[in-house]
Amino acid sequence: MIPQKGMIKVSDAFERIVHWCLAGSCIILMISGLGMMFHAFNFLAIPVGGLKSLKLVHNFTGLVFIPSLFLAILIWWKEAGIFDFPDDMEWIKCAGGYLWHVENPPETGKYNPGQKAFFLAVAGFGVVMIISGLIMWFPLNFSAGTVRIMYLLHALGFLVIFPFFFIHLYLGTIGVPGSFPAVITGYVTRSWCEKQCPKWLREMEEEGKLEVYGEEKAAAEHQ
């Protein structure tokens, strides 16, 4: 997939690598977690040779999830981790036009309040999953009661992240057409930006920071 001339850059290569490491590890952790948590899903362990092997896959995938999550928090906290009130409240009141038709939904920055809620859920409960998972893996001198609480917190984290993840997957693909290239090439169309993040687009243009595919090359050739 090659970006077309005039498309706008919304993510760089490092951001996309972190995104895919986080997404990939999250998928493996959820699938392997289901296989261990519920007897009805034990069949998920068959391809890797049984539940013991599935647990190893789960644990070591967690070692990819940990740095990916913390890098994601560092990269996106400023833009996706902080609500901008009262502007974001106006978007929340009408759900941005996603649940019912809204003629002119409120303008948003690079990430709308729905995306911010997803980011905060993954960041917050992701940390909970990491702490509880490490204690479950290495109980050390923790009491049996503490370890049992960690199992409950781990399950709670799963219940929160699981639906958020698939909503995010849907909106990033068929739910909002034109979104997927953002995590493949890093570029999206101008019309997509005008609809999904008009405030960010305007601010980037005013500050002269907007990167448009093809224009950099044309400017370099002109010089």
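Colleague: Let's start with Glu107: what relative accessible area makes this residue partly exposed?

Modeller: First, this is a predicted model, where local features need pLDDT of at least 70, side-chain atom pairs count only at pLDDT 80 or more, and totals for chains, interfaces and linings use all residues. Residues are numbered from 1 along each chain as its sequence is written, while side-chain values use heavy atoms, with hydrogens and water left out. Buried means under 20% relative accessible area, exposed means over 50%, and partly exposed is in between (1.4 Å probe, protein chains only). Glu107 counts as partly exposed because its value is 41%.

Colleague: Which residue does Glu107 meet in a salt bridge?

Modeller: A salt bridge needs a side-chain nitrogen of Lys or Arg within 4 Å of a carboxyl oxygen of Asp or Glu. Here the N to O distance is 2.9 Å, and the partner of Glu107 is Arg202. Glu107 sits in the loop between helix 3 and helix 4 (113-137), and 95 residues away, in helix 7, is its partner Arg202.

Colleague: How many residues apart in sequence are the parts that Asp87 and Lys199 tie together?

Modeller: Asp87 and Lys199 form a salt bridge at 3.3 Å, N to O. Asp87 is in helix 3 (residues 87-93) and Lys199 in helix 7 (residues 198-206), so the gap between the parts they tie together is 112 residues. Helices here are DSSP runs (H or I, at least four residues), numbered from the N terminus. So, for this pair, the separation is 112 residues.

Colleague: Is His154 buried or exposed, and which residue's backbone oxygen does its side chain reach?

Modeller: His154, found in helix 5 (residues 144-175), is buried because its relative accessible area is 16%. Contact means heavy atoms within 4.5 Å, and beyond neighbours within four places in sequence, the contacts of His154 include His58, Ser132 and Met136. At 3.3 Å, the His154 side chain reaches the backbone oxygen of Met129.

Methods. Helices (H or I, at least four residues) and strands (E, at least two) are DSSP runs, numbered from the N terminus. A polar contact is a pair of N or O atoms within 3.5 Å; within protein, one must be able to donate a hydrogen and the other to accept it, and residues adjacent in sequence count only if both atoms are side-chain atoms.
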